[in-house]
Amino acid sequence: METNSHYSPENIGLSSSPRSSRKAKPEGTIVNIEGVMVGGSEVIIIAGPCAVESREQLFETARSVKNGGAKILRGGAFKPRSSPYNFQGLGEEGLKLLGQIRKETGLPVVTEVMDTRQVELVVSYADMIQIGSRNMHNYPLLKEAGKCHKPVLLKRGMMATIDEFLLAAEYILNQGNEQVILCERGIRTFETSTRNTLDLSAVPMLKRLSHLPVIVDPSHGTGLRWMVPAMAKAAVASGADGLIMEVHYKPEEAICEGHQSLDIDDFMKLMTDLKKIAEAVDREILLPDSSRL
Ligand code: PEP
Ligand code: MN
């Protein structure tokens, strides 16, 4: 009979992932991104466009998500697109725009690095670097991220088990970088009605096995704008330390992933709902006074 060695959660992540194991740090890790603490009592919302497309698109979206209560801005300059014929990102030009709006809004930025050769450049602009789902198994890149002195947002590989995910984090920690945030972003299953199957059971599992903060990406997790609010709320209820969501000032005109991007009104409404969910699970979301309540 086939045995599932992963059935017992106590077997995972403990002996094979000593540095990320909860045992190594029972009190939990708080990752500090320019003063924004992920892993504490506040549920941190990261929001922004999938890709930096233009100055206007980035700046308008960034100002709005800040008003809505986002604490960190996302936006890809180097994009891992499934098709080589699709927009690949603005590259360094996109990083420069992120640097400008970071200065204006004061929001720290997270942006993806896809290649070991880009780490130095991306690190010079980003407050936190993102390693995407497609690169979770890219061990040279994980090691390079482990050598840099910026927090790392590590997304779960779309085909990765919890064990493999923790081992990927282990590669970063093992190089001396302890500022790692785990991100559940949906996995591939037989289901085709959603882009991915958002595995929210990964949240309590990862929190149990590891001391690292865990956030959820309901945008890639569902691929459906209308479903994002429901899964965002469920993620906060499940104990996530934060969310990363795609928001676009004009999703219908987006070059990249408009179908799963919230518009500004959706985002504002969701933030007030999330605040209530956070309070119900003894966490908090602090909204700016100026946001539309
Ligand atoms: C993204 O955040 O835009 C992205 C490409 O995410 P993932 O690596 O989870 O697909
Ligand atoms: Mn995207």
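A polar side-chain atom of Arg74 sits 2.8 Å from an oxygen atom of ligand 1, within the 3.5 Å that defines a polar contact between N or O atoms. Arg185 also places a polar side-chain atom 2.7 Å from a ligand 1 oxygen, while Ser133 uses a backbone N or O atom, again at 2.7 Å. Taken alone, ligand 1 exposes 290 Å², and the protein buries 97% of that (Shrake-Rupley areas, 1.4 Å probe).

Before going on, please note that this is a predicted model, in which local features need pLDDT of at least 70 and side-chain atom pairs pLDDT 80 or more, whereas totals for chains, interfaces and linings use all residues. Residues are numbered from 1 along each chain as written, chains are lettered from A and ligands numbered from 1 in written order, and side-chain values use heavy atoms, without hydrogens and water.

Around ligand 1 there are 13 residues (a heavy atom within 4 Å), with Lys79 and Gln130 among the closest. The shell comprises seven charged, four polar and two nonpolar residues.

Now to the metal. Cys50 (SG), His220 (NE2), Glu246 (OE) and Glu257 (OE) coordinate the manganese ion, ligand 2, at 2.1 to 2.4 Å (donors are N, O and S atoms within 2.8 Å, or 3.2 Å for Na, K and Ca). Cys50 lies in the loop between strand S3 (44-48) and helix H1 (55-68), and Glu257 in the loop between strand S10 (242-246) and helix H9 (264-280), so this pair links parts 207 residues apart in sequence (DSSP runs, helices of at least four residues and strands of at least two).

Methods: Polar contact = N/O pair within 3.5 Å; in protein donor to acceptor, adjacent residues only side chain to side chain. Nonpolar A, V, L, I, M, F, W, Y, C, P; charged D, E, K, R; others polar.
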